[in-house]
Amino acid sequence: MLFSEFDRCLYRRSPLIEVICQIRFPTILSISAKEPAEFQEAIRHDFPQYAARQEQPAPRVTAVENGVPKVTQQPAVTNYNFVSQDNLWKVNLTNSFIALSTLRYTRWEDFAQKLDKALASFIQIYKPDFFERVGLRYVNAVSKENLGLGDLLWDDLIQSPYLGILGEPDVDEKDVNKCAVDVETRLRDDCRLKLHAGPGLLGGGKKDPRPRFILDMDLSAAGKLTPEQLPHKLETLHQLAGGLFHGAVTDELHNAMGPVAVD
């Protein structure tokens with residue numbers, strides 16, 4: 001069962017390489033009108049490093065004339081970056097979203113605590129009327145070698161629905177250059193999932209030429225969410241992500257990662 005509930009656990013050898021939470025809100029022009037000095041001061045001790053960069057959004061189709069789409073270039077957006085001293089945590093702020101990301105995820109409670117502090121400061125300073133979308137993304141990269149499973153196939157470690165043709169007994173995974181499964185589906189509680197699964201090389205293979213199995217789960221919920229509704233919605237997304245991951249791995253991989261039960 002891909003979407004059944006599982007008992008929560010932590011892994012001593014977790015394959016997580018990045019976790020990102022992005023919360024979108026209706027555009028607040030004052031954020032891009034000047035540098036967010038008050039917001040920086042509120043979170044500066046946790047995120048002392050600061051930088052700002054200009055980003056160019058993708059062109060947008062605004063109309064169709066005689067069957068020909070009219071494409072409009074959108075104005076550049078300033079993305080303010082606030083980074084922790086160890087460079088493992090980052091807050092991003094633009095005039096339409098705030099995000100928290102980490103390269104060293106330990107457990108949900110730790111992540112939620114950092115998110116809560118940054119989000120509370122944002123709400124106090126900018127007073128958004130509501131939030132339009134909340135997204136929680138877990139990027140996993142399973143390494144056979146790091147887990148002592150180099151002699152096994154992906155078919156021994158990942159459940160067949162996430163493997164594509166790699167799950168077929170007459171396919172030699174060494175002969176397959178590229179194979180991926182991409183899914184977009186609706187989940188319970190008005191949540192959605194965008195998932196990518198398949199072998200890949202981190203950083204194009206420059207640091208490690210050995211393929212890892214990438215399980216990239218992007219969960220989201222949309223609507224006019226009040227600040228009071230956000231914690232419950234985030235908890236729902238977190239629970240869904242945990243169940244999805246458990247449903248994607250075999251018992252062999254689950255045990256190799258060193259599960260520890262969570263009360």
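Is N87 buried, partly exposed or exposed? At a relative accessibility of 46%, N87 counts as partly exposed, where buried means under 20% relative accessible area, exposed means over 50% and partly exposed is what lies in between, for a 1.4 Å probe and protein chains only. The model is a predicted one, in which local features need pLDDT of at least 70 and side-chain atom pairs count only at pLDDT 80 or more, whereas totals for chains, interfaces and linings use all residues. Residues are numbered from 1 along each chain as its sequence is written, and side-chain values use heavy atoms, with hydrogens and water left out.

**The chain as a whole**

- The chain contains six helices and 13 strands, these being DSSP runs numbered from the N terminus, with helices (H or I) of at least four residues and strands (E) of at least two.
- Its C-alpha trace spans about 60 × 55 × 40 Å along the principal axes, and buried residues account for 41% of the 263 residues.
- Of the contacts between residues at least 6 apart in sequence, 68% join residues at least 24 apart, a contact meaning heavy atoms within 4.5 Å.

**Packing of α3 and α5**

- Two packed helices are described by the angle between their axes and the distance between the axes.
- Helix α3 (residues 108–126) packs with helix α5 (residues 230–248) at an angle of about 150 degrees, and their axes are 12 Å apart; axes are lines fitted to C-alpha atoms, for helices over the stretch in contact, and angles run from 0 to 180 degrees between N-to-C directions.
- That angle makes α3 roughly antiparallel to α5, on a scale where angles under 35 degrees count as roughly parallel, over 145 as roughly antiparallel, 65 to 115 as roughly perpendicular and the rest as oblique.
- The contact is formed by W108, L115 and L119 on the α3 side and by L230, L234, E235 and H238 on the α5 side.
- These contact residues divide into five nonpolar, one polar and one charged, where Ala, Val, Leu, Ile, Met, Phe, Trp, Tyr, Cys and Pro count as nonpolar, Asp, Glu, Lys and Arg as charged, and the others, Gly among them, as polar.

**Positive phi in two loops**

- Most residues other than glycine have a negative phi.
- N87, in the loop between β6 (77–83) and β7 (89–93), has a positive phi near 65 degrees.
- D190, in the loop between β10 (181–186) and β11 (191–200), has a positive phi near 60 degrees, and D190 is exposed, with a relative accessible area of 62%.

- N81 lies in strand β6 and is buried, with a relative accessible area of 6%.
- Not counting residues up to four places away in sequence, N81 touches Q49, Y50, A51, R53, K90, V91 and N92, while the C-alpha atoms of N81 and L93, twelve residues apart along the chain, are separated by 6.7 Å.
- R107, in the loop between β8 (97–102) and α3, is partly exposed at a relative accessible area of 29%.
- With residues up to four places away in sequence again left out, R107 touches R8, L10 and V262, while the C-alpha atoms of R107 and F47, 60 residues apart along the chain, are separated by 19 Å.

**Cysteines**

- The structure holds zero disulfides, a disulfide being a pair of cysteine sulfur atoms within 2.5 Å.
- C9 counts as buried at 15% relative accessibility, and C179 counts as buried at 13%.
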